Amino acid sequence: MKLFVLLALFGLSVAQHNPHLRQGRTSIVHLFEWRWADIAEECERFLGPNGFGGVQISPPNEHIVLGSPWRPWWQRYQPISYNLCSRSGSESELRDMITRCNNVGVNIYVDAVINHMCGAGGGEGTHSSCGSWFNAGTKDFPSVPYSNLDFNDYKCRTSSGNIENYSDKYQVRDCRLVSLLDLALEKDFVRDKVADFMNKLIDMGVAGFRVDAVKHMWPGDLDAVSRRLHNLNSKWFPDDAKPFIFQEVIDLGGEAISAPEYFHLGRVTEFKYGAKLGTVFRKWNNEKLCYTRNWGEGWGFMPNGNALVFIDNHDNQRGHGAGGAAILTFWDPRLYKMSVGFMLAHPYGVTRVMSSFHWDRHFVNGKDQNDWMGPPSHGNGSTKPVPIKPDQTCGDGWVCEHRWRQIKNMVIFRNVVNGQPFTNWWDNNSNQVAFGRGNRGFIVFNNDDWDLNMTLSTGLPGGVYCDVISGQKEGNACTGKQIHVGSDGRAHFFISNKDEDPFVAIHVDAKL
């Protein structure tokens, strides 16, 4: 009997680590704050044709609406109910988007906010994205319904009711995160309501969830919720497929709660990844790119099979979350493209690419005073559509890093080399490195202050290849650099330290 229970537990956990990406696809993109109508179009016109595997969407449930001119991005993380009408659109638009993306092979992963409701100071009334009435002061959310009996205040032992000491795991899990009303997930009623919300989305066709604020919930409570979840919709996914779960656990070490406590429930966001790689590419703390030869678990990261990795996310690109000033973002495009390229070429983890919007940064004493700013919006607070310019980039304040040629082509590179071993490492004992992925792809970086001029073993079949960083293969020609690989697999690389993008990537599908 014990063996059967253990096998059942193991089966559930392995299933929830599987992103269920369609054949030949390997990467997720976070289309942060995009409208459902725009995501549907982007799946059909760009993500599907270019081999993206999935989209992480912003929280789809009813959220608080904070008054003009505010409308901050973080209002999406303050639920009022589990009704599916948000700043991104209506339930019918959400359903249409999920269907259209699935039909072109692009999965949808929902950012699920299940630890809390809105802030204790959220007031009362109908200032919510669906117009539902609520009263934060009395903890009354009739659209769920939740009452004051469904929150953790009776368990919290701090005078403020908020987390005051992150070294106390009871505070972290039982008290309010920055005044957000903390749900009592130990109660079957609350677990049922959360599972109903997630199951409705599963039945609509989503492939899984990014679960927000996971270290603020007890693993046993999350396990109880996950056992209530349906299998994925068999219209698009295999029979008996479990939803992919990846959990936001900020663990840089030194706190009472650690990422391994949640491994059995699904993958976990590896925050050390972007923080360390940003430090390497910035050459801070005497770090060098040559030290990444044992990148991954050799750097103290979590086991490969448990990791979801990223260079930046919606929090830490604004200085929140984890990683501090080391985090690379679209504001540092040269280093950013290299670091994303490195991530997509390297076999460690399930990869997520960020897609952002601009905001007006205003620093006072090193702190951005405008990090709260929401997405590009009309005067009435509604989110603007994402216009696509003739050069395939985005306009109207949308950054769309996933559409940058270098990043889009590295998403394709990862698909081409998927399953191939990490091979043919070379470095110059400084910040010039190269590595291959079996006999399918090869990448070279020059992050030094001088030129790279080397003949290297690529492991690739002989022939002429198009560099997919400076350009790409179009028809029978390269729009960028050509790399000649000899019959012995060796090729000469010259990369100036002054190049706009001082790295080169080739793969077998970009061979002339």
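This is a predicted model: local features need pLDDT of at least 70, side-chain atom pairs count only at pLDDT 80 or more; totals for chains, interfaces and linings use all residues.
**Entry 1: salt bridges**

I started with the charged side chains. Side chains of opposite charge can pair when their charged atoms come close. I counted 32 salt bridges in the model.

I looked up Glu-186 and found it in a salt bridge with Lys-155, with 2.8 Å between the closest N and O atoms. Glu-186 is in the loop between strand S7 (180-182) and helix H5 (188-204), and Lys-155 is in the loop between strand S6 (134-135) and helix H4 (169-174), so this pair ties together parts 31 residues apart in sequence. Glu-186 is partly exposed at 36% relative accessibility. Lys-155 is partly exposed at 21% relative accessibility, and I noted that buried would mean under 20%.

**Entry 2: Arg-191 and Asp-221**

Next I looked at helix H5. Arg-191 in helix H5 pairs with Asp-221 in helix H6 (residues 219-226), and the two are 30 residues apart, which links distant parts of the chain. The closest N and O atoms of this salt bridge are 2.8 Å apart. Are the two partners buried or exposed? Arg-191 has a relative accessibility of 14% and counts as buried. Asp-221, at 10%, counts as buried as well.

**Entry 3: Arg-228 and Asp-192**

I went on to Asp-192. Its salt bridge with Arg-228 has its closest N and O atoms 2.7 Å apart. Arg-228 sits in the loop between H6 and strand S9 (244-247), while Asp-192 belongs to helix H5, so the pair ties together parts that are 36 residues apart in sequence. I found Arg-228 partly exposed, with a relative accessible area of 26%. Asp-192 is partly exposed too, at 35% relative accessibility.

I then asked which residues are linked with these in a network of salt bridges. The network holds Asp-188, Arg-191, Asp-192, Asp-221 and Arg-228.

**Entry 4: aromatic pairs**

I turned to the rings and counted 37 aromatic pairs. One of them is Trp-34 with Trp-398: the ring centres are 6.1 Å apart and the planes are at 65°, so I list the pair as edge-to-face. Trp-34 lies in the loop between strand S1 (27-31) and helix H2 (36-47), and Trp-398 in the loop between strand S14 (367-368) and helix H9 (405-417). The two are 364 residues apart, and the pair links distant parts of the chain. Both Trp-34 and Trp-398 are buried.

I also looked up Phe-281 and Phe-445. Their ring centres are 6.1 Å apart and their planes are at 65°, so this pair is edge-to-face. Phe-281 is in helix H7 (residues 271-282) and Phe-445 in strand S17 (residues 441-446), so the pair ties together parts 164 residues apart in sequence. Phe-281 is buried, with a relative accessible area of 1%. Phe-445 counts as buried at 0% relative accessibility.

Phe-281 and Phe-445 belong to one aromatic cluster. Among its other members I noted Tyr-273, Trp-295, Trp-299, Phe-301, Phe-342 and Tyr-348. The cluster also includes Phe-422, Trp-425, Phe-435 and Phe-503.

**Entry 5: charges over rings**

Last, I looked for charges over rings. The charged end of Arg-318 is over the ring of Trp-359, 4.3 Å from the ring's centre. I also found Arg-403 over the face of Phe-46, at 4.2 Å from the ring centre.

Technical notes
Residues are numbered from 1 along each chain as its sequence is written. Side-chain values use heavy atoms; hydrogens and water are left out. A salt bridge is a side-chain nitrogen of Lys or Arg within 4 Å of a carboxyl oxygen of Asp or Glu. Helices (H or I, at least four residues) and strands (E, at least two) are DSSP runs, numbered from the N terminus. Buried means under 20% relative accessible area, exposed over 50%, partly exposed in between (1.4 Å probe, protein chains only). Rings of Phe, Tyr and Trp (its six-membered ring) pair if their centres lie within 6.5 Å; planes under 30 degrees apart count as stacked, over 60 as edge-to-face and the rest as tilted. A charge sits over a ring if NZ of Lys or CZ of Arg is within 6 Å of the ring centre and within 35 degrees of the ring normal.
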